[in-house]
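Please read this briefing beside the sequence and the 3D structure. It takes a few topics in turn.

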Amino acid sequence: MSNLKSAKSALISVFDKEGLAPIVKKLDELGITIYSTGGTEKFIKDQGVNVIPVEDVTSYPSILGGRVKTLHPKVFGGILNRSENEQDKAELKEYEIPQIDIVIVDLYPFEKTVASGAPDQDIIEKIDIGGISLIRAAAKNFKDVLCVSSVEDYAEFLQIISEGNGETSLKDRKRFAAKAFNVSSHYDTAIFNYFNEEETVYKESYTTGKELRYGENPHQKGFFFGDFESMFDKFHGKELSYNNLLDVDAAVNLMSEFQNEAPTFAILKHNNACGLAQRNTISEAYKDALAGDPVSAFGGILISNTEIDKETSEEIHKLFCEVVIAPSYSEEALEILKGKKNRVLLVQKETELPQKQVRTCLNGLLVQDKDLKTDTKEDLTFVTNNKPNEKELTDLLFASKICKHTKSNTIVLVKNNQLLASGTGQTSRVDALRQSIDKARSFDFDLNGAAMASDAFFPFPDCVEIADKAGITTVIQPGGSIKDQLSIDYCNENNLAMVMTGTRHFKH
């Protein structure tokens, strides 16, 4: 079989006609016969290009409201026949089936229709049947047929057909077949997920990925699969790395806890908050977040829940940081922050985040619902004789939000809506507490009257005892240990206030 194949005919049936005009004019110029249907046929005629209606080939009109147009042996026979198979050749001749060398299809926009909130019937009608069948048939027979399966490939196809004067190579046909099966498998996954109510089945698909500079370390390859541009506008800076993206994800999830609240600023390092504060102005919030751990803040990820102004940007500019994220920036702030050429500046858009979390495990995947539970005052059980006042409750719930987004085992210490310190990723809760106390003291924080949050229960009263001796006066934890009463008794004997939420927030 020859590597090069000269196209004599093309079938075109597309939803998106953007960029199609130069293609049909080039095909016409090359003397390639064009077959088409419905709106595409009219579009081609409007370009002044000759086109043969598919119904002239099949002797059937478009029926059932357009649901059936191309589903016919004379169409699929023209696509699926094998040029070197004598029996196929004989049957084409016997049944007067035209050879089809090129298939150009752009599917109905199923995902966009779902995302628009359209009613079920409109969504169902956007499940492409003829188009997806044409794509699969043409891609299967790539040895003889070139399949263009998306508007995104129109320009590349035009270049190939122009440079080859109507000839295509086997390499290009096979490459376009791979693109086609990528399109069809993604399309089917989207449809499946629309219908699926079976919890034990998981399918996800991304049609494109972005290769990163490297993975977690320089010797590892790394890729990002997703639509970054739908979440952020990037105004400045270098390309984001694998580790940057993980930190941005952690920052976005943490700051989601403080949406529509007073100005809040967080600084993250290695997916954990090293500084976080809520104040009357974003400048004050930044300064107090930085005070939480100015050492770890170096090279960190910064995020704000409100616009960053000139005053705040002048303070940020003094710090070496990798990424700054905000819902907006003042013009003066942008100019100042652009002063460091590699600093990444992101504007976060309002985007719905996935409700599932996925990670590789052994030879498969672990999938779980995202922890969307935020502890509120209504969730609390007041288990000690001493009850926290309103100010203390505010600090306890503030600490709980941070704790939820910090690696386990963790203890978080808060005072006056400011993160004083946290113990992160420790193998024992006692170690996490001691780490947080030592860290807070190293930055000269006064722990007297501070609030403590724990991501899981205390199996023994040792944590509340250590906290008490450090000056901490209020505690929030899930509860649920068979020895909860030991911790409650210690608090009662030493005038600590402790509340339980009933919800554990492990983050492994």
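The points below cover a sheet, its strands, the cysteines and a surface patch.

This is a predicted model, in which local features need pLDDT of at least 70, side-chain atom pairs count only at pLDDT 80 or more, and totals for chains, interfaces and linings use all residues. Residues are numbered from 1 along each chain as its sequence is written, and side-chain values use heavy atoms, with hydrogens and water left out.

**The sheet**

- Six strands make an open sheet with mixed pairing, in the order β18-β23-β22-β21-β19-β20; strands here are DSSP runs of E with at least two residues, numbered from the N terminus.
- Its edge strands are β18 (381-382) and β20, each of which pairs on one side only; two strands pair if DSSP finds at least two bridges between them.

**Strand β19 and its partners**

- Strand β19 (residues 411-414) runs antiparallel to β20, and four bridges join the two.
- β19 is also joined by four bridges to strand β21 (residues 451-454), again in an antiparallel arrangement.
- I411 has G423 as its bridge partner in β20, and I411 stands opposite S454 in β21.
- A hairpin is formed by β19 and β20, with four residues between them. In the turn, N416 has a positive phi of about 55 degrees.
- Strand β20 (residues 419-423) is largely enclosed by the rest of the structure, because five of its five residues are buried. Buried means under 20% relative accessible area, exposed means over 50%, and partly exposed lies in between (1.4 Å probe, protein chains only).

**Cysteines**

- The count of disulfides is zero, where a disulfide is a pair of cysteine sulfur atoms within 2.5 Å.
- C274 is in no disulfide, and the nearest cysteine sulfur, that of C321, is 11 Å away. C274 counts as buried, at 8% relative accessibility.
- C463 is in no disulfide, and the nearest cysteine sulfur, that of C491, is 11 Å away. C463 counts as buried, at 2% relative accessibility.

**Surface patch**

- Y202, V358, L365 and V367 form a nonpolar patch on the surface, with about 320 Å² of accessible area together. Patches are made of residues with over 30% relative accessible area and no salt bridge; nonpolar side chains (Val, Leu, Ile, Met, Phe, Trp, Tyr) are joined within 5 Å, like charges within 9 Å.
- A salt bridge is a side-chain nitrogen of Lys or Arg within 4 Å of a carboxyl oxygen of Asp or Glu. Accessible areas come from the Shrake-Rupley method with a 1.4 Å probe.
- V358 lies in strand β16 (residues 356-361), and V358 is partly exposed, with a relative accessible area of 39%.
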